[in-house]
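Dear colleague,

I am passing on the structure we spoke about, together with a short account of what came out of going through it. Please keep it open beside this message while you read.

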Amino acid sequence: TEVRPVTVDLFAGIPVRDYSVAAAWYERLLGAPPSFLPNDIEAVWGLAEHRHVFIKVAPEHAGHATHTLFVGDFDARMAQIAARGLEPAERETYANGVRKATFRDPDGNEIGFGGGPGAK
């Protein structure tokens, strides 16, 4: 049996109540405006090839997303986010040295960044 590489496109959705408030917050968190706007209730940020997060106005589901992004530049990224005025709600360090910083958007959705030894 031949094993073929599969390209996986990830679009991780984050339901929000207020488009303008959420879009501004995610621009600060991610350090860039959206990569594209598919319609008037969604905004998409490309994080890496084939990997995206998006906000979508869905008030009945807002506040229930939980995503973690593992990054190779954890310390630099945390410093950049802090310079844009956001601080994590929680910080953790696991036994294997992996660190995690969890941010909460205005709706309570959790977006974590992980990095450090053993993170990849």
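**The sheet, the helix and the pocket**

Strands S3 and S4 run antiparallel and are joined to each other by 6 bridges. Within this pairing, Gly46 is the residue that stands opposite His52 in S4. Please bear in mind throughout that the model is a predicted one.

These two strands belong to an open sheet of 4 strands, in which the order is S1-S4-S3-S2 and the pairing is mixed. Because S1 and strand S2 (36-39) stand at the edges and have a single partner strand each, one side of each is left without a neighbour in the sheet. On average, and with direction ignored, neighbouring strands of this sheet are turned by 25° against each other. Helix H1, which covers residues 19-30, lies across S1, S2, S3 and S4, and runs at about 15° to S3.

The other item to hand over is the largest pocket, which holds about 400 Å³ of space. The pocket is lined by 21 residues, of which Leu47, Ala48, Arg51, Val53 and Leu69 are the closest to its centre. At least two residues of the lining come from each of strand S1 (10-16), strand S3 (42-48), strand S4 (51-57) and strand S5 (66-70).

With best regards

Definitions and conventions
Residues numbered from 1 in each chain as written. Predicted model: local features only at pLDDT ≥ 70, side-chain atom pairs only at ≥ 80, totals over all residues. Heavy atoms only, no water. 1 Å grid on protein atoms, 1.4 Å probe; cavity = no way out; pocket = protein on both sides within 12 Å on 5 of 7 lines; lining within 4 Å. Points joined across faces, edges and corners; volume = space filled by probe spheres on them. Pairing = 2+ DSSP bridges. Axes fitted to C-alpha atoms, helices over the stretch in contact; angles between N-to-C directions. Contact = heavy atoms within 4.5 Å.
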